Amino acid sequence: MKAGFYPNLAFDGIRKNRRLYLPYIITCVAMVMMYYIMSFLQSTDALSNVRGIETIREMLDFGTWVIAIFSCIFLFYTNSFLIRRRKKEFGLFYILGMGKSNISIILFWEVLIIYAISIIAGLFLGMVLSKTAELSLIYVMQGEVTYNVSVSIDSAVMSIFVFGVIFFLLYLNALRQIKLSNAISLLKSETVGEKAPKANWFFGILGVLILATGYILSVSTENPISALLALFVAVILVIIGTYITMISGSVLFCKILQKNKKYYYKSNHFVSVSSMVYRMKRNGAGLASICILATMVLVMISSTASLYIGVEDAIQNRYPKEINLTIDCDNLSEKSKTETNMILEEVRLIAERYNTKPQNAIDYGEAYVAGLVTGNTVETDVTAAEGNFSYSDIVMFNFISLEDYNQAMGTSESLKDGEAFLYSSKYDYTENNISFNNGNAFKIKRRLYRIFDKEGETDILPIVDLIVPNIDYAVQGLDKLADYNGDRMVTFTRYYQFDTGLDTDKQIALYKELVSDIPTETDKYSDEDSINYIRISSREVQKDSFYSLNGGLFYLGIILSLVFIFAAVLIIYYKQISEGYEDRARFEIMQKIGMTKRELRKSINSQLLTVFFLPLIISGLHLTFAFPLISKIIIMFGLYNTSLFMLTSIACFIIFAIIYAVVYKITSNSYYKIVSGAKKNSF
């Protein structure tokens, strides 16, 4: 036997089956390319000076693992289509005298050829496009651009190794299928039909109930801390529910269509519905996979795009003024005010060196305590509530003096002893009174719908602001409480926030001088001082961190979305091709007994519209119910603009629907050519 016999036979098999292999090879190349780019971006020196690069590198490392694991699962899934279509050809080789060992060698060379093409083309494209990917990542992170071109040998070696393992596993899987088959089963692999599945009402209803549970969990979760765990549970429920519903429920759906005589007994519906009934048990899993991939794309790209688009809003929420000082104190006594005023005077003197002075300044004191709310009572002693609560139940209460409130708001409100104004935009407190265990009680005189701009920590816990006549009275009894570590439960803080009117460079220079001249560490103050520490922050300085984090998330969302879109497109394509060959004989018979080309086209459109737009509709439904939960999670990244997230989600769905429709149009044409006989099988 000639030396090149098996490689030539393997290459000839790939060439003759190029309609099946070409999309598969393109996808393999794309996976290798994306894996290399993600790995390259982790190690490139061009990102070394970007703020928050360590966080971004952790994200990219996560992304490479996702691509590797997903590539393995997905290539196994799509490879099954190829093996199924090739079994008849392998059966013919078997009849002609080849043994299973000979077929195994052909399979080995086929896998090796596809692996070599994927690695060579994937790494080449990855190296060519890596600089573009690097520049785009630097752009979204607003880093400093460099134009030095480099190649990562480590990333190339890792790509070769990872995909070498994946293709080796694919070969073993193909080998297993051949070893377990005989010549007759291989030859008849395409003609083996399926029994019409029975409509299983139990599993259909079970799938709907599991889906409904995931939906209810999503819309009922209020606390951002709970949202993270709820998201994980909801995702599992939705995935399980989607598969059960689309496998069992799709059969029920077709059975219902068959019972509708006005719909079923029409030329464009009769053949399509009958074909779907026999295939839905197997194809339900494929449709569910498309639906899950579409949902993942929509959730990832809409959330990360919202975070990136709304980064300025997030910065403004977190840092309402250009320079922000937070002074932690033992109390808010006159002594504390005197000491903090001395620090603020130094701030003004430093600002004068830059020919400016604090503008739009907000100066206020605050005492806050955490508690568990039951009715109109707040339990503030965590040791007393041990074991009876979770951190998602905790509410933060901020006491602000009426004097500071009036000064910041420019009002002249008044309160009697025991009265308070209440403000909360993220917690619904409906009682008219509030009582703190171990402390005092207040009558809610009025609910406020607006308050001055405060330095906004990421509000993971719900926060309630209480404007009170006197902070000392408000914290009586509470200031003696301690947590498990012996630290006091009540924290006293003085805030001073102001604008400078300076350009970016001068703002940063002013900030650096403030940090340099004003002692901020605890050990700089003696035991006699009421000040514990000072934190100074600058909006312009922190802006880089925001853009680094949100830009990195957005970039990762784009890359992973492209991977999942590739997967969804390939699943749709192979479903159309494989079902086209399965249906061709049926449609040939129908054409022989009088079905016209026009009726054939209508029947095909009826079938494809019924099947392939179902995942798009359900993924849109998943996104709608995921919206409340995702909006809670992105609050932890500083984005409170729900309208922006909603508009971005709608825009992403419309764009994805257009892409989906284009893919449907292209693949449906391939299906039509196969079943109509316009294009004969190339085997």
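Me: Which residues in helix 1 meet which ones in helix 2?
Reply: G13, I14, R15 and K16 in helix 1 meet R18, Y21 and I25 in helix 2. Contact means heavy atoms within 4.5 Å. By class, this contact has three nonpolar, one polar and three charged residues. Ala, Val, Leu, Ile, Met, Phe, Trp, Tyr, Cys and Pro count as nonpolar, Asp, Glu, Lys and Arg as charged, and the others, Gly among them, as polar.

Me: What is this model, and how are residues numbered?
Reply: This is a predicted model: local features need pLDDT of at least 70, side-chain atom pairs count only at pLDDT 80 or more, and totals for chains, interfaces and linings use all residues. Residues are numbered from 1 along each chain as its sequence is written, and side-chain values use heavy atoms, with hydrogens and water left out.

Me: OK. At what angle do the axes of helix 1 and helix 2 cross?
Reply: At roughly 95°, and the axes come within 5 Å. Helix 1 covers residues 5-16 and helix 2 covers 18-43. Helices are DSSP runs (H or I, at least four residues), numbered from the N terminus. Axes are lines fitted to C-alpha atoms, for helices over the stretch in contact, and angles run from 0 to 180 degrees between N-to-C directions.

Me: So what does that make helix 1 and helix 2 to each other?
Reply: Roughly perpendicular, therefore. The cut-offs: under 35 degrees is roughly parallel, over 145 roughly antiparallel, 65 to 115 roughly perpendicular, and the rest oblique.

Me: New topic. How many cavities of 30 Å³ or more are there?
Reply: Four. On a 1 Å grid over the protein atoms alone, a cavity is a set of points where a 1.4 Å probe fits but cannot get out, and a pocket is an open set with protein on both sides within 12 Å along at least five of seven lines; lining residues have an atom within 4 Å of a point. Grid points are joined across faces, edges and corners, and a volume is the space filled by probe spheres set on the points.

Me: Which helix gives the most to the lining of the largest cavity?
Reply: Helix 4, with four residues. That cavity holds about 120 Å³ of space. Its lining includes Y21, N79, L107 and F167.

Me: What about the largest pocket's volume?
Reply: About 1,400 Å³. Of its 44 lining residues, V235, M296, V299, M300 and F564 are closest to the centre. Helix 10 gives the most to the lining, with 10 residues.

Me: How many of the lining residues are nonpolar, polar or charged?
Reply: The pocket lining has 36 nonpolar, eight polar and no charged residues.

Definitions and conventions
Helices (H or I, at least four residues) and strands (E, at least two) are DSSP runs, numbered from the N terminus.
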